[in-house]
Amino acid sequence: MTDSKTETANIKAQKLNVQNQKARQHHETPKTYHVKSFGCQMNVYDGERISEMFKDQGMSEAASKDNADIVVLNTCHIREKAAEKVYSDIGRLRRSDGSKPMITVAGCVAQAEGREIGRRAPSVDIVVGPQAYHRLPEMIESARQGKRAIDTDMPANSKFDILPRRSKQPRPSAFLTVQEGCDKFCTYCVVPYTRGAEISRPWSALIDEARALIDGGVKEITLLGQNVNAWYGEDEKGNRQGLDGLIRALDKLDGLERIRYTTSHPNDMTEGLINAHGDVESLMPYLHLPVQSGSTRILKAMNRSHSRESYLEILEKVRKVRPDIALSGDFIVGFPGESDADFEDTLDIVRQVRYSQAFSFKYSSRPGTPAADMDNHITEDVMSERLQRLQALLNEHQFDFNKDMLGRKTRLLLERQGKLEGQLVGKTPWLTSAHVMAPNLSIGDMIDVQITEAGPNSMTAEPIFTANDTSHG
Ligand code: 5AD
Ligand code: SF4
């Protein structure tokens, strides 16, 4: 971490702070918990790790927030609406008899607003930032004694060492956080402040965690990071490796069928990583590569440090080594100063790329970010109209992508039960969902199928059975 980054982290960091408040409610030692995660997959992963830690301590998962002794709201701060939701959710935790659970606000709202949460929502007992989850047990003890506990410190790399490994749960697909934080400082984004500087987890910890997941029945691992392709480390021989090296090592682990990674930044798409898409069989043909805008002028104002052209060049290279790759992206409409022509450039890049799926958002002004202080903010009406037009186009392309699959033979990893009896839902290599009637198969099985119907959001498939296949249903 450079000095300026350490400083940024420190400015945002506050030491564990316990406020003695005689009037605060005392709690029994919690026996049941409920963790609710909002926002990105990183939060989902963190929420699962918190849940494992609570289980290790002898707590059990409550059926809902209404009968949990402790509720953890694992929050998202990326857009205004996500942050505001926390406060209404806190209000809804009070029960009809006037009681309430021990309330913990975790995640990025906790990191960004810290002490302010306690002022706005006095019923909150614990405020814990994303890098301090391993300290939850001591914080729960403080809260039990009626003292509010706040910890938004950012100690380097320690939570992963201390949070327990996942227990063995039979499930086919799992996340593995390899990298956290962001050094890119896009001018609209709070992540560099809430998640701190880029930190890569060590090679051996990741290989070990991947092995443990595979031993527990996992067939697909999605490597997670705010800038996952900025991951780097040293392999067991001391050689420096990038994400492609890690992917190649994971590919060699017995039992792992599928590897994915998300979310990537265009500037960290190395030649090595691009080439991995061409020759690593278990690396799935799917790439989530946000561009945010199709206008180089706006990309500059966003401090994206790539242009429309350099982004398109990367996609061209990826398509060259993996022609069937499905592409996904993130878009922001209505960034300050975005003209009609800039927005047309965004529609144009979408037409050029033809994403298989995408996420698009109205610009949301986040306090403390450079863009919040820029001139020429776009009105809500204009943003709504642009978002509608963009989403209509993205939806059309998503449907086209699904329709192109009709008749195609492919392989599904079955991930969950469908609504109908005997129906299972699986994922194609391109991360699209497909429903299949296969009463004799189970979650976690892989099955060869033919796509028979295509809808806007998912597909229907039929099993293809080979002559010596005995498991059909
Ligand atoms: N307003 C709107 N969208 C945002 N994103 C990040 N910050 C903002 C913001 N202030 C979007 C970007 C990013 C995704 C995770 O969220 O598209 O890629
Ligand atoms: Fe935010 Fe940009 Fe970092 Fe992504 S790359 S987390 S959008 S600052």
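Mentor: This is a predicted model. Begin with burial: a residue is buried under 20% relative accessible area and exposed over 50%.

Trainee: Then why does Ser293 count as buried?
Mentor: Its relative accessibility is 0%. The cut-off is under 20%. Therefore Ser293 counts as buried.

Trainee: Where is Ser293 found?
Mentor: In the loop between E15 and helix H12 (296-301).

Trainee: What makes the pair Ser293 and Ser295 a polar contact?
Mentor: A polar atom of the Ser293 side chain lies 3.0 Å from the backbone nitrogen of Ser295. The limit is 3.5 Å. The pair is within it.

Trainee: Which residues are around ligand 1?
Mentor: Among them are Ile78, Arg79, Tyr188, Gln292, Asp330 and Ser364. Each has a heavy atom within 4 Å of the ligand.

Trainee: What makes Arg79, Gln292 and Ser364 polar contacts of ligand 1?
Mentor: An N or O atom in the Arg79 side chain is 3.0 Å from a ligand oxygen. For the Gln292 side chain, the distance to a ligand oxygen is 2.7 Å. Ser364 uses a backbone N or O atom, 2.8 Å from a ligand nitrogen. Taken alone, ligand 1 exposes 410 Å², and the protein buries 87% of that.

Trainee: How does the shell of ligand 1 divide by class?
Mentor: Five residues are nonpolar, two polar and four charged. Tyr counts as nonpolar, so Tyr188 goes in that group.

Trainee: Which strands each supply at least two residues of that shell?
Mentor: Strand E16 (326-333) and strand E17 (357-362).

Trainee: How do you know that E16 and E17 pair?
Mentor: Pairing needs at least two bridges. Six join E16 to E17, and the strands run parallel. One of the partners is Phe359 in E17, facing Asp330 as its bridge partner.

Trainee: What is the order of the open sheet?
Mentor: E15-E16-E17, with parallel pairing. Strand E15 (286-288) and E17 are called edge strands, as each pairs on one side only. Neighbouring strands are turned by 10° against each other on average, direction ignored.

Trainee: And which residues are around ligand 2?
Mentor: They include Cys182, Cys186, Cys189, Tyr188, His265 and Arg304. By class, the shell has seven nonpolar, two polar and two charged residues. Cys counts as nonpolar, so Cys182, Cys186 and Cys189 belong to that group.

How values were computed. Residues are numbered from 1 along each chain as its sequence is written. Chains are lettered from A and ligands numbered from 1 in the order in which they are written. This is a predicted model: local features need pLDDT of at least 70, side-chain atom pairs count only at pLDDT 80 or more; totals for chains, interfaces and linings use all residues. Side-chain values use heavy atoms; hydrogens and water are left out. A polar contact is a pair of N or O atoms within 3.5 Å; within protein, one must be able to donate a hydrogen and the other to accept it, and residues adjacent in sequence count only if both atoms are side-chain atoms. Accessible areas come from the Shrake-Rupley method with a 1.4 Å probe; for residues, only the protein chains shown count as cover. Helices (H or I, at least four residues) and strands (E, at least two) are DSSP runs, numbered from the N terminus. Axes are lines fitted to C-alpha atoms, for helices over the stretch in contact, and angles run from 0 to 180 degrees between N-to-C directions. Buried means under 20% relative accessible area, exposed over 50%, partly exposed in between (1.4 Å probe, protein chains only).
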